[in-house]
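This report describes selected side-chain contacts and local backbone features. The sequence and the structure are shown first.

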Amino acid sequence: MRVMARRVVRCAVGLMWGAAAAVVELLGTVLAGLLLLLVVAWPRPRRAVLRPVLAGARRVTELERTRLRVWLRVHTSPVYEDTQALQYLACRWALGVLGAVVMLSAAVGLGYGTSWMYLWLLVDDVRNTGAVVYTSLAGLFLLFLTVQGILAVAELEGKLARRMLGPRHQEELERRIAELSASRAAVVDAVNDERRRIERDLHDGVQQRLVALGMLLGRALRSQDPERADRLLRQAHEESRQALDDLREVAWRIYPTTLDEAGLRAALETVAERASVPVRVEYGLGGEPERPVATVVYFVVCEAVTNAVKHAAPSRIVVAIGSKEGALRVSVEDDGRGGADASGSGLFGLARRVAALDGRLEVRSPPGGPTLVTAELPCA
């Protein structure tokens, strides 16, 4: 209920701003129409007339896009032509007038709906009580209808903006094809980078320990001193245990079995337990996300926590998982020294993982900290 009330108030403020802007847009549309008629009559000064008209239309449209984004939560593409901006303003002013009518009706409904309060407070003798009650009920009913009207006009505003300012169908298809080609290339690069990382981990970690294990066992076999051979065997046993730990670590970094067995929350809690600094996990999802999304979220958290512990020397790390407006949002914040490089191999690889699912990764790490890694992924 509180969320709905906030939405109605926010949309109402946006419609009031839109009603005020409709006056400017209507005057600008009329003026632009007159100038275009002059262009038709005298085609020679066409460019000199069209240039300021289209430039003014783009400025007003940018203000409209800001209003839609801030108050109506409508996001439109920043890529549009000047002629699209002029066409949008020529249609938008009518919705501004409609919004003004709805807001005026809301004011009338609010006035009549609360009339019983100031009548009984200011008037000593209210003779027709029934008329007051009926008037108040009618005002409240009108107010209820205008609330629905506010939401409906806000929805129409969003549809008109996306329709008029969005890319054309052919342009949208070309953009999508380019995005898919880029994401496919990024996935291939990410897989190759992952293979090189696994090979490096095996070569620098497990392989070196296995070589040391073989050398210890060889020395123990050649030794003629039983005590020395026993000591070498104990060292070999310890080396084999560490080799197994390194192998489990490599396998865990490739893909954690906990993610399949117990879900994303358990996998993130395991990452927090394995970290050498305190990590608090704030899990705000009601259900389990899809497996590709959960996998990317896990690796974002794991890599961000590992980088923070390795390079930033933090005293605490906070991992927050939640959903908002059809998107899953994960953030990892530490209080370390900051200065993280978003173009580094680790964070750049994460950005490519996120982009492969049409997501977005953002890194804020000013010198001195704190560092905030945020990823947004689309989810059903």
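Where is the place of Arg73? Arg73 sits in the loop between helix 2 and helix 3. The model discussed here is predicted.

Arg73 has a phi near 55°, a positive value in a residue other than glycine. With a relative accessible area of 41%, Arg73 is partly exposed.

Thr76 is also found in the loop between helix 2 and helix 3. In contrast to the partly exposed Arg73, Thr76 is buried, its relative accessible area being 13%. The side chain of Thr76 is joined to that of Arg65 by a polar contact of 2.9 Å.

## Other salt bridges

How many salt bridges does a search of the whole structure find? The search finds 15. Side chains of opposite charge can pair when their charged atoms come close.

One of the salt bridges joins the side chains of Arg234 and Asp230, at 3.1 Å from N to O. Both residues lie in helix 7 (residues 226-254), four residues apart, which corresponds to about one turn of the helix. Arg234 counts as exposed at 60% relative accessibility, whereas Asp230 is partly exposed with a relative accessible area of 38%. A further salt bridge connects Glu362 with Arg364, and the closest N and O atoms of that pair are 2.8 Å apart. Glu362 counts as partly exposed, at 28% relative accessibility.

## The aromatic pair

A search of the whole structure finds one aromatic pair. Tyr298 and Phe299 form this pair, with 5.2 Å between the ring centres and 75° between the planes. The arrangement is edge-to-face, because planes over 60 degrees apart are classed in this way.

Both members of the pair are buried: Tyr298 has a relative accessible area of 0%, and Phe299 has one of 10%.

## A nonpolar surface patch

Which residues form a nonpolar patch on the surface? Leu26, Val30, Leu34 and Leu37 do so, and together they have about 360 Å² of accessible area. Val30, one of these residues, lies in helix 1 (residues 2-41). Val30 is partly exposed, with a relative accessible area of 47%.

## Local features beyond helix 10

Ala313 is found in the loop between helix 10 (291-312) and strand 2 (317-324). The phi of Ala313 is positive, at about 50°, although the residue is not a glycine. Ala313 is exposed, with a relative accessible area of 53%.

Ala351 belongs to helix 11 (residues 345-355) and is partly exposed, with a relative accessible area of 26%. Ala351 and Leu361 are ten residues apart in sequence, and their C-alpha atoms are 5.5 Å apart in space. Ser365 is placed in the loop between strand 4 (360-364) and strand 5 (371-378). At 14% relative accessibility, Ser365 counts as buried. The side chains of Ser365 and Thr371 are joined by a polar contact of 2.7 Å.

Definitions and conventions
Residues are numbered from 1 along each chain as its sequence is written. This is a predicted model: local features need pLDDT of at least 70, side-chain atom pairs count only at pLDDT 80 or more; totals for chains, interfaces and linings use all residues. Side-chain values use heavy atoms; hydrogens and water are left out. Rings of Phe, Tyr and Trp (its six-membered ring) pair if their centres lie within 6.5 Å; planes under 30 degrees apart count as stacked, over 60 as edge-to-face and the rest as tilted. Buried means under 20% relative accessible area, exposed over 50%, partly exposed in between (1.4 Å probe, protein chains only). A salt bridge is a side-chain nitrogen of Lys or Arg within 4 Å of a carboxyl oxygen of Asp or Glu. Helices (H or I, at least four residues) and strands (E, at least two) are DSSP runs, numbered from the N terminus. Patches are made of residues with over 30% relative accessible area and no salt bridge: like charges are joined within 9 Å, nonpolar side chains (Val, Leu, Ile, Met, Phe, Trp, Tyr) within 5 Å. Accessible areas come from the Shrake-Rupley method with a 1.4 Å probe; for residues, only the protein chains shown count as cover. A polar contact is a pair of N or O atoms within 3.5 Å; within protein, one must be able to donate a hydrogen and the other to accept it, and residues adjacent in sequence count only if both atoms are side-chain atoms.
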